[in-house]
Amino acid sequence: MHGESQFEDVVREHQGFVFRTLVRLTGSREHVEDLAQEVFLRLYRGMGSFRGDAKMTTYLYRITLNVVQDEWKRRKKEQSHTSFDDPDEGWEERLPGAGGDAEQILSGKQRMAGLERALAELSEVERQVIVMFHQEELTYEKIAEVLSLPLNTVRTHLHRGRKKLKERLREGRAACTTTA
Amino acid sequence: MHDDGVNCRAVQQALREGRELIGEQSVHFDECEACRDAYMDAWLTAALDAKPEVAIPADFAARVAAMAPARPEKRARVRTPRYWGVISAMAIVTVILIVCFASSKPANSWVSLVLVMLVTAEIAGLALWLGPTWIRR
């Protein structure tokens with residue numbers, strides 16, 4: 001695959017995944033377009049060595065995770081404050097339990113903000129596994145391939161990650177209840 | 001799980017279907033750890049499954065494709081030294097030497113001397129070649 005139009009088709013096909021994963025894993029929409037651009041340019045540079053689409057998607061997942069890692073490193077260096085309260089948020093309102101009235105929407109937003117914070121507190125690999133499994137609906141096998149981990153390790157990370165999220169959300173709720 | 005006249009299954013079913021809990025169901029939910037846990041689990045799954053909406057510029061793909069260089073950069077290939085030629089050459093030499101030693105008489109002839117020198121050189125060569133690899137382990 002060398003043509004510009006073919007590459008454009010590849011970008012169009014996978015841009016949704018790349019943008020969503022970047023948003024979820026970095027916890028921010030800031031610079032997401034630049035990061036996605038970086039992902040696809042890295043993909044383009046490595047494109048000569050693919051033999052099939054499956055290999056390419058695996059490579060794309062890996063690049064995306066690497067770009068996220070680089071972004072976290074950059075943030076750590078800058079010691080900048082990461083905001084999880086994104087002004088553009090709103091997708092959480094589509095979740096079950098979020099009703100029409102303002103109080104419910106606010107509560108849904110607070111819970112989602114809590115979830116985003118809890119996600120950010122997980123280990124990198126737990127966060128990656130959870131996002132790939134839930135959001136992108138990747139199989140255990142595919143996640144294991146992308147992360148170069150044994151299948152059981154992927155299962156363990158998913159289980160532990162979910163458990164930690166639940167605990168943190170409960171703690172958050174308890175804190176809210178006691179402060180209220 | 002406890003049953004205070006309200007069935008856990010019914011409460012959890014109502015929660016799954018997004019129905020509002022009323023009266024006893026609501027009281028039961030506040031007191032039942034299992035129901036709260038099931039609710040939390042379902043909420044977490046739904047929240048994690050939801051895909052964040054992202055606004056991708058319409059011309060994003062075209063812009064990225066235009067930014068890509070005309071040809072993918074060729075990766076600088078790391079050439080790994082191929083030892084198979086050396087190994088086969090050494091094997092052939094060894095076989096020849098064994099044959100020569102087996103057929104030559106144990107005398108102090110110049111042929112024996114040359115053969116001994118060859119074996120010595122071969123061993124020295126092997127030591128030089130394999131030595132650094134073993135040391136690195």
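Let's start with burial in chain A: of its 180 residues, 46% are buried, where buried means under 20% relative accessible area, exposed means over 50%, and partly exposed is in between, with a 1.4 Å probe and protein chains only. Please keep in mind that this is a predicted model, where local features need pLDDT of at least 70, side-chain atom pairs count only at pLDDT 80 or more, and totals for chains, interfaces and linings use all residues. Residues are numbered from 1 along each chain as its sequence is written, chains are lettered from A and ligands numbered from 1 in the order in which they are written, and side-chain values use heavy atoms, with hydrogens and water left out.

What does chain A look like in outline? Chain A has seven helices and zero strands; helices here are DSSP runs of H or I with at least four residues, strands are runs of E with at least two, and both are numbered from the N terminus. Take the contacts in chain A between residues at least 6 apart in sequence: 65% of them join residues at least 24 apart, with contact meaning heavy atoms within 4.5 Å. The accessible surface of chain A is about 9,400 Å², and 49% of that belongs to carbon and sulfur atoms. Those areas come from the Shrake-Rupley method with a 1.4 Å probe, and for residues only the protein chains shown count as cover.

Now over to chain B. Its secondary structure comes to six helices and zero strands. Of the 137 residues in chain B, 23% are buried. For chain B contacts between residues at least 6 apart in sequence, 38% join residues at least 24 apart. Its accessible surface comes to about 10,200 Å², with 63% belonging to carbon and sulfur atoms.

How do the two chains meet? On the chain B side, 35 residues are in contact with 41 residues of chain A. Together the chains bury about 3,800 Å², 63% of it on carbon and sulfur atoms; buried area is the accessible area, with a 1.4 Å probe, that two parts lose on being put together, summed over both. Which chain B residues lose the most area to chain A? They are B:W43, B:L48 and B:K51, together accounting for 18% of what that side buries.

One residue to look at here is A:Q135, in helix α5 (residues 124-135) of chain A. A:Q135 is buried, at 0% relative accessible area. Leaving aside neighbours within four places in sequence, its contacts include A:R20 and A:T21 in chain A, and B:L48, B:D49 and B:K51 in chain B. The A:Q135 side chain also makes a polar contact of 2.9 Å with the side chain of A:R24, and another of 2.9 Å with the side chain of A:E136. A polar contact is a pair of N or O atoms within 3.5 Å; within protein, one must be able to donate a hydrogen and the other to accept it, and residues adjacent in sequence count only if both atoms are side-chain atoms.

A:E137 is not glycine, yet its phi is positive, near 55 degrees. Is A:E137 buried or exposed? It is exposed, with a relative accessible area of 57%.

Next, the rings. The whole structure holds six aromatic pairs over all chains. Rings of Phe, Tyr and Trp (its six-membered ring) pair if their centres lie within 6.5 Å; planes under 30 degrees apart are stacked, over 60 edge-to-face, and the rest tilted. One of the pairs is B:F29 with B:Y39, edge-to-face at 5.7 Å centre to centre and 90 degrees between the planes. B:F29 is in helix α2 (residues 24-31) of chain B and B:Y39 in helix α3 (residues 33-49), so the pair ties together parts 10 residues apart in sequence. B:F29 is buried at 12% relative accessible area, whereas B:Y39 is partly exposed at 22%. Elsewhere, ring pairs link A:F19, A:F40 and B:F60 into a cluster.

Finally, B:C35 brings us back to helix α3 of chain B. B:C35 is buried, with 0% relative accessible area. Beyond its neighbours within four places in sequence, B:C35 is in contact with residues including B:C8, B:V11, B:L15 and B:F29. B:L15 is 20 residues away along the chain, and its C-alpha atom is separated from that of B:C35 by 9.2 Å.
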